[in-house]
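Dear colleague,

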Amino acid sequence: MSTIADNLSTLAGRIQAAAAACGRDPASIQLLAVSKTKPAEAVREAFAAGVRDVGENYLQEALGKQQQLTDLPLTWHFIGPIQSNKTRAIAEHFDWVHSVDRLKIAQRLSEQRPANLAPLNLCLQVNVSGEDSKSGCTPEDLPALAAAVAALPNLRLRGLMAIPEPTDDRAAQDAAFARVRDLQDSLGLGLDTLSMGMSHDLESAIAQGATWVRIGTALFGARDYGQA
Ligand SMILES: *Cc1c(COP(=O)(O)O)cnc(C)c1O
């Protein structure tokens, strides 16, 4: 079985190759280690291998791991669906939130962000696959949402996040990620972050401008329970 350190070095190679293929500086692409369903010890092992940014989808699970890892200087990212009653804990315990798709949630995060902490870095999740069941605001609603969120205090709107419908077809992957990049450009807000690309499609995401790739399976192995 490969270790997390082996997996991380394989991923660094994939990121470098993908960056080289499109003439980007690999340093402009950061790896977010997605540890949902994995124990705190796995995150500790990833830290020892060089990981500094950790993404979690479920609040209670994340808070439990944070308590076991207070000795490590990790940056915590919330990347899962957000219910209103979870915003206070998210505002208090995370540095980034990638999955905001409603103004009400952003307003609560802004109000509840503790004054002694830096502004909460925030990405708006946009749905570019058009499935009703998916999280994310529609491309049509994005400009008004982005303008409203950009005006809130205690938050720093950084960019967009997307989870396109999974496909092995590279052209389809490229089209979806290019759509996200074009939406970001068309906002004209000077945003610097595109959170897109997972274990199976990071090459395409990097070719289309990803600055965070969110990697679970390819780093930690198959998940033990739950789902993507
Ligand atoms: C689980 C998850 C990931 C990681 O997916 P992998 O395919 O395991 O790399 C990335 N982003 C989000 C939002 C997730 O929920």
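In what follows, Ala, Val, Leu, Ile, Met, Phe, Trp, Tyr, Cys and Pro count as nonpolar, Asp, Glu, Lys and Arg as charged, and the others, Gly among them, as polar. On that basis the shell around the ligand divides into six nonpolar, four polar and three charged residues.

Please bear in mind that this is a predicted model, in which local features need pLDDT of at least 70 and side-chain atom pairs count only at pLDDT 80 or more, while totals for chains, interfaces and linings use all residues. Residues are numbered from 1 along each chain as its sequence is written, and side-chain values use heavy atoms, with hydrogens and water left out.

Of the 13 residues around the ligand (a heavy atom within 4 Å), Lys36, Asn57, Ser199, Thr217 and Arg223 come nearest. Polar contacts are pairs of N or O atoms within 3.5 Å; within protein, one must be able to donate a hydrogen and the other to accept it, and residues adjacent in sequence count only if both atoms are side-chain atoms. A polar side-chain atom lies 2.5 Å from a ligand oxygen in the case of Ser199, 2.8 Å in that of Lys36, and 2.7 Å in that of Arg223.

Ser199 is buried, at 17% relative accessible area (buried means under 20%, exposed over 50%, partly exposed in between, with a 1.4 Å probe and protein chains only). A polar atom of the Ser199 side chain is also 3.5 Å from the backbone nitrogen of Thr217.

Best regards
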